[in-house]
Amino acid sequence: MPHVLVVDGHPVDVDVAGLPSLATVLRDQLHLTAAKVACGRGECGACTVLIGGRPTMSCITPAALVREPVETSEGLAEESRDLRARFADTGAFQCGFCTPGQVVHACALLRAGLPTDDEAGRDHVRQALSGNICRCTGYQAIVESVCAVARERS
Ligand code: FES
Ligand code: FES
């Protein structure tokens, strides 16, 4: 069953026969493999992409229902360059499996802006990223990285 997605600014024809998830279509048909499928049931955030600018778990989103533009970690590479550099500098990833989802979600947060008060900013990021599970880092470096980039961009 043909369907058109707009992915990272480009219209692409995909096959949604069998109602595959958006994650499956991105990975298996479009070879965009940054979004990871870990739990596969909407619990970990590893598969996060932006749909219409909103962080969305692509593993539980049927591709056939997606009508708004999709942004992937690959498409956000330039926008997230400073954030990814900060992650690397601060040890905000270890195995890296959660990292594309964390970075994509953080891109949306940074577009919206953080509270200017430092502690309120940290709380905002902690709460917003609470659905992006990381088994390695303890989260502190992730939160500090996002807050530091927000300060640098302001
Ligand atoms: S793989 Fe999608 S939420 Fe875990
Ligand atoms: S860096 Fe390993 S799960 Fe987050």
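Predicted model: local features only at pLDDT ≥ 70, side-chain atom pairs only at ≥ 80, totals over all residues.
Residues are numbered from 1 along each chain as its sequence is written, and side-chain values use heavy atoms, leaving out hydrogens and water.

**Stop 1: the two domains.** Colour residues 2-71 as domain 1 and 81-153 as domain 2; these bounds come from an automatic or database domain assignment. Their C-alpha centres lie 22 Å apart. The contact (heavy atoms within 4.5 Å) takes 15 residues from domain 1 and 10 residues from domain 2. Now select Lys36, Thr48 and Leu50: these supply 36% of the area that domain 1 buries against domain 2, more than any other three residues.

Stop 2: Select arginine 111 and glutamate 71, whose side chains meet in a salt bridge at 2.7 Å, N to O. The term means a side-chain nitrogen of Lys or Arg within 4 Å of a carboxyl oxygen of Asp or Glu. The rule finds one salt bridge across the interface of domain 1 and domain 2.

**Stop 3: a pair around strand S4.** Select arginine 54 and glutamate 68, which form a salt bridge with their closest N and O atoms 2.5 Å apart. Arginine 54 sits in strand S4 and glutamate 68 in the loop between S4 and strand S5 (70-71), so this pair ties together parts that are 14 residues apart in sequence. Strands are DSSP runs of E, at least two residues, and helices are runs of H or I, at least four, numbered from the N terminus.

**Stop 4: helices H4 and H5.** Select glutamate 144 and arginine 122, which meet in a salt bridge at 2.8 Å, N to O. Glutamate 144 belongs to helix H5 (residues 140-153) and arginine 122 to helix H4 (residues 118-128), so the pair ties together parts 22 residues apart in sequence. Is arginine 122 buried or exposed? Arginine 122 is buried, with a relative accessible area of 19%, where buried means under 20%, exposed over 50% and partly exposed in between (1.4 Å probe, protein chains only). Glutamate 144, at 26%, counts as partly exposed.

Notes:
Chains lettered and ligands numbered in written order. Buried area = accessible area lost by both parts, 1.4 Å probe.
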